[in-house]
Amino acid sequence: MCGIVGIVGSTPVNQSIYDALTVLQHRGQDAAGIVTVSGNNFKQRKANGLVKDVFGSKHMRRLQGNIGIGHVRYPTAGCASAAEAQPFYVNSPWGLCLAHNGNLTNACELRETLRLSRRHLNTTSDSEILLNIFAAELDNFPDDSLSPEKIFSAVSELHKKVRGAYAVVSLMIGHGMIAFRDPHGIRPLVLGSRKTEEGDIEYIVASESVGLDTIGFEVIRDVEPGEAIYITEDRQLFSKKCAPQSTLHPCIFEYVYLARPDSKLNGISVYEARLEMGRKLGAKIKREWQDIEIDVVIPIPETSNEIAHQIANELDLPYRQGFVKNRYIGRTFIMPGQTQRRKSVRRKLNAITAEFKGKSVLLVDDSIVRGTTSEQIVEMVREAGAKKVYFASAAPQICYPNVYGIDMPDVNDLIAYNRTVEQISDCIGSDKLIYQDLKDLKDAVKKQNPNVDGFECSVFDGYYITEDIDQAYFDRLVILRKEQLDNGSENKEETTCLEMYNGA
């Protein structure tokens, strides 16, 4: 999970890209980067940290140009080196930069292919692999002219070689911006435009519609699975479906947790989807917990707020905000180390004692991944005087690793793996636990767009849409992680092909 944005404008784009990345900060807090084109040169600034910390006035002054791309990074395997910050650059053809959201599942073999073709990779990121594959395909057109059809042909060849999840935005000196999405549409990408006071049309692509809304762009549509968008430096737009076969199977976790509620992805409002999740889960609680007395419904902020509100409506119970969130603490889920996640929970949330003391409370969260946060929150609520603590998850049990860009690589990290609901409830310390049914979750999200072919739900059902994942893949990842720990640092940069799991 990362955030990407690209803008082709008629005036300098540095401030608009900065503002869009700030809005997309929830998609990655580890590093940020911006590249713009000024004349015949790239201007770049990238470093570890939040957007507001990476870019100062002196950096923004240097990021001149009317076309640019930006990235906020979330590392999926613990690597937090500044060298991994995006966008990445290669000098041929013409000068090419790329930013990527997702994760490649065949990165190991792609790395070997690039090595044999004498292309050097300087980092462990699969995004750099993607950049070099794209560059190699564009290099197959040696003449100076590069038509839209040639660009689309390069993307088509890339689709044949690359597997996994990828939403991409790239810049090419002297040509413009190219954006494309994997043939399954796993990671989101939205296209938009705005009209300047002078009447010029400017274009944007971004990971979420909220990245457009807040800087005055209007959504045109989602980039389709397998589609490429090419916008020239003089703002001519071309598009083409570049994958011979494509289906729309977006990651359902975008709607459960990852995306902002004010975003609309694949024709589906995240806010409305979460309300429907609450209706579905509330109906299940009413049906299966008839003998349970609950005094109040309280969300674990903030993703579950809308879900909890609808559950309260379904159960005809009071809805209360029982926690105060410190907004200056990073999201525990995307912190690279388990120790850091554990330490941050109590700094992140504080219970309002009056809402818990002497009450039987229903806590609502969007999901339970490792269980670390849930366990500490239940403990916190009991310390605040709760009589009973019930727990509801808007997502089903997460029993399988994610290989498409979310940090769930090892089943042994997942609290639901090989445990019953009762055992999970005991682990987190709740009096009773209930999960959303997978069918209800799918129905809740699909309700707004029946044309969605399905969802990438591998963390729940173990089915990987790219059909290239086997147990050997996971075994290698487990060995790699163990080697990292044995070497003394969870954040140590790896040196084997398996580190390609480090993607965006």
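Contact is taken here to mean heavy atoms within 4.5 Å. The structure is a predicted model, in which local features need pLDDT of at least 70 and side-chain atom pairs count only at pLDDT 80 or more, while totals for chains, interfaces and linings use all residues. Residues are numbered from 1 along each chain as its sequence is written, and side-chain values use heavy atoms, with hydrogens and water left out.

By this criterion, Ser 269 touches Ser 263, Lys 264 and Gln 448, when residues up to four places away in sequence are not counted. Ser 269 lies in strand β15, residues 268-269. Helices (H or I, at least four residues) and strands (E, at least two) are DSSP runs, numbered from the N terminus. Because its relative accessibility is 16%, Ser 269 counts as buried (under 20% relative accessible area, with exposed over 50% and partly exposed in between, for a 1.4 Å probe and protein chains only).

An open sheet is formed by seven strands with antiparallel pairing, in the order β3-β2-β4-β1-β10-β9-β11. Two strands pair if DSSP finds at least two bridges between them. At the edges are β3 (41-48) and β11 (218-222), each of which pairs on one side only. On average, neighbouring strands of this sheet are turned by 15 degrees against each other, direction ignored. Strand β9 (residues 190-195) runs antiparallel to β11 and is joined to β11 by four bridges. Opposite Val 190 stands Asp 222 in β11.

Two helix pairs were examined by their axes, which are lines fitted to C-alpha atoms, for helices over the stretch in contact, with angles running from 0 to 180 degrees between N-to-C directions. The axes of α5 (residues 126-138) and α6 (residues 148-161) come within 9 Å and cross at roughly 130 degrees. α5 and α6 are therefore oblique to each other; angles under 35 degrees count as roughly parallel, over 145 as roughly antiparallel, 65 to 115 as roughly perpendicular and the rest as oblique. In α5, Leu 130, Ile 133, Phe 134, Glu 137 and Leu 138 meet Ile 151, Ala 154, Val 155, Glu 157, Leu 158 and Lys 161 of α6. This contact of α5 with α6 has eight nonpolar, no polar and three charged residues (Ala, Val, Leu, Ile, Met, Phe, Trp, Tyr, Cys and Pro count as nonpolar, Asp, Glu, Lys and Arg as charged, and the others, Gly among them, as polar).

For α9 (residues 270-288) and α10 (residues 305-315), the axes come within 7 Å and cross at roughly 40 degrees. α9 and α10 are therefore also oblique to each other. The contact of α9 with α10 has nine nonpolar, three polar and five charged residues.
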